[in-house]
Amino acid sequence: MNSDERLLDYREVTIANRMTGEHIVHGFTASLRRGEVLGIVGESGSGKSITCRSILGILPRGFDITEGTAEVLGQDLRNLSAKGWLSIRGVRVGAVFQDPGSYLNPSIRVGPQIAEPLRVRRGLKRGEAKERVLDLFASVHLADPADLYQRYSYELSGGMLQRILIAGALALEPEVLIADEATTALDVTVQAEILDLLEELKEKTGVALVVVSHDLAVVGRLCDRILVMRHGQIIDQGSTRQVLFEPAHEYTRLLVSEHQVYGLDRFLAAERSAG
Ligand SMILES: Nc1ncnc2c1ncn2[C@@H]1O[C@H](COP(=O)(O)OP(=O)(O)OP(=O)(O)O)[C@@H](O)[C@H]1O
């Protein structure tokens, strides 16, 4: 694959609730190239998560892409078979969400849960999968991977759980990682650590990121480009610098000024002094 190739390519996409006829997302045009970090920001209900869910083929019941073209890794999502989705979701496109604890089964130790896809999808033997998980835990800077492997999710902090889920999302070496409000439930220090981790993993593995947040400071910290969504549409977009420091749209200016009240600068000191 060449570096110019679009990993995601959405053109004029409408996502509708077929039961009500409501257009949840409309006219959505965006792409993601190898190594890129794309931010999607907007208030609650603006359509960020539904857009991400369409990329993963996990739209709510009755929701569908009804207009436009939507391609992921060269595959047309509107005509993708169940088998096609199995080769993309969780394999070539990974994801982490808010509330990491809810994605792990509390009655099974965390290590084997992360090892399972390596056994099922990659055919690794139990011992090999465990070794790989211990390496993955180390790569997301979890101390004492062997001890952690045996723990249950309820014994661990939110930050540790999110590191574990990031390790799990990267286990099959996806080309794209979607982080949908992945730091929202964490306190600000842990948020910053997870953002640093995502940046480091991007540099190390080359994974392209889609970072979704209602928080401009989070997307500003990580992203090359930002899309601003409102009422299901992209209303503003540009480089991170443009969107944060020279916002074109009145609504973006409002978002920036609101965020300044509670600390747009908290992850951005370096960015601003560099400018
Ligand atoms: N499971 C669902 N069933 C019905 N409607 C839904 C469902 N999920 C989302 N919606 C609708 O889609 C719209 C967009 O929701 P979406 O979750 O994409 O917003 P968002 O920008 O990610 O906001 P938030 O940050 O609150 O998740 C919502 O206003 C809601 O009306």
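Colleague: Which residue of β10 stands opposite M229?

Modeller: In this predicted model, M229 faces I234 of β10.

Colleague: What makes strand β9 and strand β10 a pair?

Modeller: Strands β9 (residues 225-230) and β10 (residues 233-239) share six bridges, in the antiparallel sense. At least two bridges are needed, so six bridges qualify β9 and β10 as paired. I226 sits opposite G238 in β10.

Colleague: How many residues lie between β9 and β10 in the hairpin?

Modeller: Two residues separate β9 from β10 there, and H231 in the turn has a positive phi of about 50 degrees.

Colleague: Where do β9 and β10 come in the order of their sheet?

Modeller: They come at the end of β6-β7-β8-β3-β9-β10, an open sheet of six strands with mixed pairing.

Colleague: Why are β6 and β10 at the edges?

Modeller: Each of β6 (93-96) and β10 has a single partner strand, so one side of each has no neighbour in the sheet. On average, neighbouring strands here are turned by 15 degrees against each other, direction ignored.

Colleague: Which strands does α1 touch where it packs on the sheet?

Modeller: Helix α1 touches β3 (37-42), β6, β7 (176-180), β8 (208-213) and β9, and its direction makes about 150 degrees with that of β7. Helix α6 (residues 158-170) packs on the sheet as well, touching β6 and β7, at about 170 degrees to the direction of β6.

Colleague: What is the strand order in the open sheet of four strands?

Modeller: That sheet runs β2-β1-β4-β5, paired antiparallel. Its edge strands are β2 (22-33) and β5 (75-76), each pairing on one side only.

Colleague: How do you know that strand β1 pairs with β2?

Modeller: Eight bridges join β1 (residues 6-17) to β2, and at least two are required, so the two strands count as paired. L8 stands opposite L32 in β2.

Colleague: How far apart are the axes of helix α3 and helix α4?

Modeller: The axes of α3 (residues 110-122) and α4 (residues 126-139) are 9 Å apart, at an angle of about 115 degrees.

Colleague: Is the crossing of α3 and α4 left-handed or right-handed?

Modeller: Right-handed. The contact brings G111, I114, A115, L118 and R119 of α3 against R126, A129, K130, R132, V133 and L136 of α4. By class, that contact holds six nonpolar, one polar and four charged residues.

Colleague: Which residues are around the ligand?

Modeller: They are I24, G42, S44, G45, S46, G47, K48, S49, I50, P60 and H214. Helix α1 (residues 48-56) supplies the largest share of that shell, three residues.

Colleague: Where does UniProt place the "domain: ABC transporter" feature?

Modeller: The unreviewed UniProt entry puts that feature at residues 8-256. In the model, this span is 40% helix and 27% strand, with its end C-alpha atoms 27 Å apart.

Terms used:
Residues numbered from 1 in each chain as written. Predicted model: local features only at pLDDT ≥ 70, side-chain atom pairs only at ≥ 80, totals over all residues. Near = placed C-beta within 6 Å. Axes fitted to C-alpha atoms, helices over the stretch in contact; angles between N-to-C directions. Left-handed = near helix turned anticlockwise from the far one by under 90°. Contact = placed C-beta atoms within 7 Å. Nonpolar A, V, L, I, M, F, W, Y, C, P; charged D, E, K, R; others polar. UniProt positions renumbered as here; feature names shortened; annotations may be inferred.
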